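Let's walk through this one together, with the sequence and the coordinates open side by side. We'll start with the overall picture and then zoom in.

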Amino acid sequence: MTKPAPDVLRIAVAQLNPIVGDVAGNLAKAREARADAARHGADLVLYTELFIAGYPPEDLVLRPAFLSACERAVKDFAADTADGGPGVIIGTPLKRKSGTHNSIIFADGGKILAERHKLDLPNYGEFDEKRVFQAGPEIQGPVNFRGVRLGIPICEDIWGGDIAICETLSESGAEILLVPNGSPYYRDKVDVRHQVVIRQVIECGLPIIYANQLGGQDELVFDGASFAINADRTLAFQMSQFEETVVVTKWRRSETDWVCADGPMSKIPEKEEADYRACMLGLRDYVNKNGFKNVVLGLSGGIDSAICAALAVDALGEERVRAVMMPYRYTSKDSLKDAEDCARALGCHYDIVPIFEPVDGFSHALAQLFEGTGEGITEENLQSRARGTILMAISNKFGSMVVTTGNKSEMSVGYATLYGDMNGGFNPIKDLYKMQVYALSRWRNGHVPPGALGPSGEVIPKNIIDKAPSAELRENQTDQDSLPPYPVLDDILECLVEGEMSVDAIVARGHSRKTVHRIEHLLYVAEYKRRQAAPGVKITKKNFGRDRRYPITNRFRDRG
Ligand SMILES: Nc1ncnc2c1ncn2[C@@H]1O[C@H](COP(=O)(O)OP(=O)(O)OC[C@H]2O[C@@H]([n+]3cccc(C(=O)O)c3)[C@H](O)[C@@H]2O)[C@@H](O)[C@H]1O
Ligand SMILES: Nc1ncnc2c1ncn2[C@@H]1O[C@H](COP(=O)(O)OP(=O)(O)OP(=O)(O)O)[C@@H](O)[C@H]1O
Ligand SMILES: NC(=O)CC[C@H](N)C(=O)O
């Protein structure tokens, strides 16, 4: 006799932080979450996209041994469900006759009930899925789970491509849609996701549960913030952003549809907090997942290195961060004081390593060769390179990763020295324009974000925020000697980079044509530097990683 279909379903959403390639570790994490969900009465656990592999696995998917390890792991996990506990929907790559797919397996009672393959493979911005996966050959209907028909589109499948996947699932009898996602952070992305899901709910008339991955993976930060929308378009539940969590949500069958009867309603952080927490999580996971015990950075008394030091202490704790002030002839007393005050406020290790000897040593070594030439950028870069070499020596000696500190404004126009201040393994502020660096610094002085390991109070001394930024590579230098004021520069850059706007359109916003042409030129000729730059956290819709792929050799200039 078949059991009657239930009127209540407890669906756990596992918003977890996997490690790409750590199949055994991810399986252990999945098992732990299932045990936890079982203790809280869950019928089913929904994991995120490709959870067993970690997302995005990129070219690992081309390795047969990796595919076999993933498939073995999900089969073992499916076998666990013979214990009568919750069923599972878990993401894994699967190699089948139709190709290698981005898939899920749905298991219950010790058996794999169904496999589903992603139909719409994203291939834009940061995504390159068509490179390693084949799309599922056809839309497959809902899966009957203990008498309830559940549709399982996978991430991009609901983003509104050519195929009406949610609608088709609804027409074939699905009652709830459960969507595993690997949806990376960019500013305001939570709103974008809500809009995407609401649009699908309107189209298909079904409630949709959106489970998103958590954690940093190279340049990407997965921010979680999993949620669901009821069939009547109301928010059914909202999970927290930037935190690992497993929650059991309760769904009740009504006359017409399933409605969420119990689930969390977490508050989503506002702009500065969200960006700060993304930078912090991205840095923490990069350092920890790559096995570094600690980090080192040059602390100049300027705002960029100060916010990087704060992010590092918040991400890793004061004991794991070493800040090094490396004064030279042009380092002001103010900078020495500001750097020390910042390090003291943060409580991290602080050292002073002057660079007179290395810089003067290089100058001596080159004196004959350079005879008759004037001093200029070459000599300025020697200072930056001496600092870069010292940081790399500390890195080699103690195994600390160098945190590099160039903001997006500088990285855009090439105001950074190759093999100098560009040295480093990871850059937490690579995708923040200078004005955003200021905004986040002010915000951090007034708040300690959840999960931060650093202290409260003014961790970035006010003087660092108030003074005119300077690289201090020659007497009385300020950034504004050779660049437009940062509010102007950042606006032009945002128009050129994120907006891909024409020079005419940017001039129409009130900027001088000459300045816009100059910035466009600087942006293009700095491409070679960016290709050699360390990776860093993606915060905007278009970062200097995968999102923007300009040629290095490029004669185009917009003179239209
Ligand atoms: N297309 C290309 N493809 C490959 N390599 C190319 C290249 N063009 C130049 N190069 C190479 O790159 C070298 C030039 O690059 P690089 O040595 O870095 O030096 P460069 O870009 O000439 O100078 C560094 C710039 O960064 C500024 N800076 C430095 C440090 C800190 C800050 C700050 O504001 O925080 C600013 C500094 O004022 C200066 O404008 C050339 O000598 C050449 O070897
Ligand atoms: N005197 C210094 N001591 C230690 N590190 C330095 C020093 N000067 C520069 N650096 C390092 O090189 C990076 C680039 O610094 P620079 O001062 O040239 O300009 P910046 O981009 O305005 O950075 P900041 O705002 O941190 O000063 C700094 O963020 C810092 O990590
Ligand atoms: N992994 C995916 O398919 C993600 C695609 C989706 N457009 C997102 O950014 O969230």
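Helices here are DSSP runs of H or I with at least four residues, strands are runs of E with at least two, and both are numbered from the N terminus. With that in hand, look at ligand 2: β16 (295-298), α6 (303-316) and β17 (321-325) each supply at least two residues of the shell around it. The most comes from α6, with three residues. The shell holds 20 residues, and Gly298, Ser300, Gly302, Ser305 and Ala471 come nearest; a residue counts as near when its C-beta atom, placed from the backbone, lies within 6 Å of the molecule.

A few ground rules before going on. This is a predicted model, where local features need pLDDT of at least 70 and side-chain atom pairs count only at pLDDT 80 or more, while totals for chains, interfaces and linings use all residues. Residues are numbered from 1 along each chain as its sequence is written, and chains are lettered from A and ligands numbered from 1 in the order in which they are written.

Now zoom out. The chain has 16 helices and 19 strands, and its C-alpha trace spans about 95 × 55 × 45 Å along the principal axes. A compact globule of 560 residues would have a radius of gyration near 24 Å, and the chain's 26 Å agrees with that (taken over C-alpha atoms; the rule is 2.2 Å times the number of residues to the power 0.38). Buried residues make up 49% of the 560. Here, buried means 20 or more other C-beta atoms within 10 Å of the residue's own, exposed means 12 or fewer, and partly exposed is in between, with C-beta atoms placed from the backbone.

Next, the annotated site. The unreviewed UniProt entry lists Glu49, Lys118 and Cys155 under "active site"; positions follow the numbering used here, feature names are shortened, and annotations may be inferred rather than shown by experiment. These residues span 107 residues in sequence, yet no two of their C-alpha atoms are more than 9.8 Å apart, so they gather at one spot. Glu49 is in the loop between β2 (44-46) and α2 (64-80), and Cys155 is in the loop between β7 (148-151) and α3. Glu49 is buried, with 27 other C-beta atoms within 10 Å, and Cys155 counts as buried with 27 such neighbours. Leaving aside neighbours within four places in sequence, the contacts of Cys155 include Glu49 and Lys118, where contact means C-beta atoms, placed from the backbone, within 7 Å.

Which residues of α4 are buried? They are Val190, Arg193, Val197, Gln200, Val201 and Cys204. They cover an arc of only 105 degrees around the axis, which puts them on the same side of α4; the arc is that of the directions from the helix axis to the C-beta atoms. On the other side, Asp191, Gln195 and Ile202 are exposed. What covers the buried residues includes α3 (165-171), β9 (208-212) and β12 (227-229). Just after α4, Gly205 takes a positive phi of about 75 degrees.

Terms used: Contact = placed C-beta atoms within 7 Å.
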